[in-house]
Amino acid sequence: MGSTEETVGSKDTREVIMEATFRALSEHGYSDLRMRDIGDEMELTRQVIHYHFDGKYDLMSSFLEYVIDQYEGSVAVDAGADLRTELDARVEQCLFGPEFEEFSHWDRMKVYHELYAHAQNDERHRELFNEHYERIRGSIVEVVEDGIDEGVFREVDPELVGQLITDAIHAARGRRISLGHDDAPEQARRAVDEYIVESLLADRETTDD
């Protein structure tokens, strides 16, 4: 089983398999994907896939977790940045993603949304997507709550605002991927900023009065 410990460059075996899965999914799609297609995209021997994963479903579940993990973690903002800036940064990353060495944000989102479309018939994948949705929504809710506590944002329902922003992000990404509307993310970014974030600002209440 020595081949199972192979690496390519600085990447470990799991990352090599995950990136090969990206390439195979991009070319073949989820429904037509075969394990051999993934093997054909690797420099490692194909047996390493079967060593690490019990078939296509096990691999796809791990792959989905891998994709989601790439979008987790704290959003980088400058020290001392205000809460509006942090909220802007979270929306920005969700819509336009971090930078990757291989496969752009939209290459990855295309695969993500293809798996998302199949989640209605897959309990495990639906659970993973639900958890990811809640983490995105929860991070936005937390910023809104902090903004209310600090007097930056007016009194609103943080849960509802978080859900609205998260749904706008998901809809814009889906529209770009499924309908080819390349400007959808930027339109959503402007709409969230002008019609949601601006309305949250506490000093706007004073100005309007």
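Which residues does Arg189 touch, not counting residues up to four places away in sequence? Notes on that and the rest follow.

1. **What we're looking at.** This is a predicted model, so local features need pLDDT of at least 70 and side-chain atom pairs count only at pLDDT 80 or more, while totals for chains, interfaces and linings use all residues. Residues are numbered from 1 along each chain as its sequence is written, and side-chain values use heavy atoms, with hydrogens and water left out.

2. **Arg189, to settle the opening question.** Arg189 touches Asp88, Val91, Glu92, Leu95 and Phe96, once residues up to four places away in sequence are set aside. Contact here means heavy atoms within 4.5 Å. Arg189 is found in helix 9, where helices are DSSP runs (H or I, at least four residues; strands are E, at least two) numbered from the N terminus. At 12% relative accessibility, Arg189 counts as buried. The cut-offs are these: buried is under 20% relative accessible area, exposed is over 50%, and partly exposed is in between (1.4 Å probe, protein chains only). Along the chain Arg189 and Val91 are 98 residues apart, yet their C-alpha atoms are separated by 7.4 Å.

3. **Overall fold.** The secondary structure comes to ten helices and zero strands, so if you read along the sequence you get α-α-α-α-α-α-α-α-α-α. Buried residues make up 42% of the 209 residues in the chain. Take the contacts between residues at least 6 apart in sequence: 68% of them join residues at least 24 apart. The chain exposes about 11,400 Å², and carbon and sulfur atoms supply 43% of that. Accessible areas come from the Shrake-Rupley method with a 1.4 Å probe; for residues, only the protein chains shown count as cover.

4. Side chains of opposite charge can pair when their charged atoms come close. A search of the whole structure finds 13 salt bridges, each being a side-chain nitrogen of Lys or Arg within 4 Å of a carboxyl oxygen of Asp or Glu. In one of them, the side chains of Arg84 and Glu198 meet at 2.9 Å, N to O. Because Arg84 lies in helix 5 (residues 83–96) and Glu198 in helix 9 (residues 184–200), the pair ties together parts that are 114 residues apart in sequence. Glu198 is partly exposed, with a relative accessible area of 25%.

5. **Salt bridges inside a helix.** Glu86 forms a salt bridge with Arg90, with the closest N and O atoms 3.1 Å apart. These two are four residues apart in helix 5, so about one helical turn separates Glu86 and Arg90. Glu86 counts as partly exposed at 21% relative accessibility, whereas Arg90 counts as buried at 15%. Over in helix 7, Arg124 and Glu127 are three residues apart, about one turn of the helix, and their side chains meet in a salt bridge (3.3 Å, N to O). Arg124 is partly exposed at 28% relative accessibility, and Glu127 is partly exposed too, with a relative accessible area of 38%.

6. **The network.** Salt bridges that share partners join Arg84, Asp88, Glu92, Arg189, Asp193 and Glu198 into one network. Asp88 and Glu92 turned up above among the residues that Arg189 touches.

7. **Another buried arginine.** Arg173 lies in helix 8 (residues 158–179) and counts as buried at 2% relative accessibility. Leaving out residues up to four places away in sequence, Arg173 touches Cys94, Leu95, Trp106, Met109, Tyr112 and His113.

8. **A negative patch.** Glu142, Glu145, Asp146, Asp149, Glu150 and Glu155 form a negative surface patch. Patch residues have over 30% relative accessible area and no salt bridge; like charges are joined within 9 Å, nonpolar side chains (Val, Leu, Ile, Met, Phe, Trp, Tyr) within 5 Å. Lys and Arg count as positive and Asp and Glu as negative, with His and the chain ends not counted; the place of a charge is NZ of Lys, CZ of Arg, CG of Asp or CD of Glu. Glu142 lies in helix 7 (residues 123–149) and is partly exposed at 49% relative accessibility.

9. **Two spots earlier in the chain.** Ser62 is found in helix 4 (residues 56–69) and counts as buried at 14% relative accessibility. Apart from neighbours within four places in sequence, Ser62 is in contact with Arg14, Met18 and Phe53. Glu27, in helix 1 (residues 13–28), is exposed, with a relative accessible area of 55%. Glu27 and Asp37 are ten residues apart in sequence and 9.2 Å apart in space, C-alpha to C-alpha.
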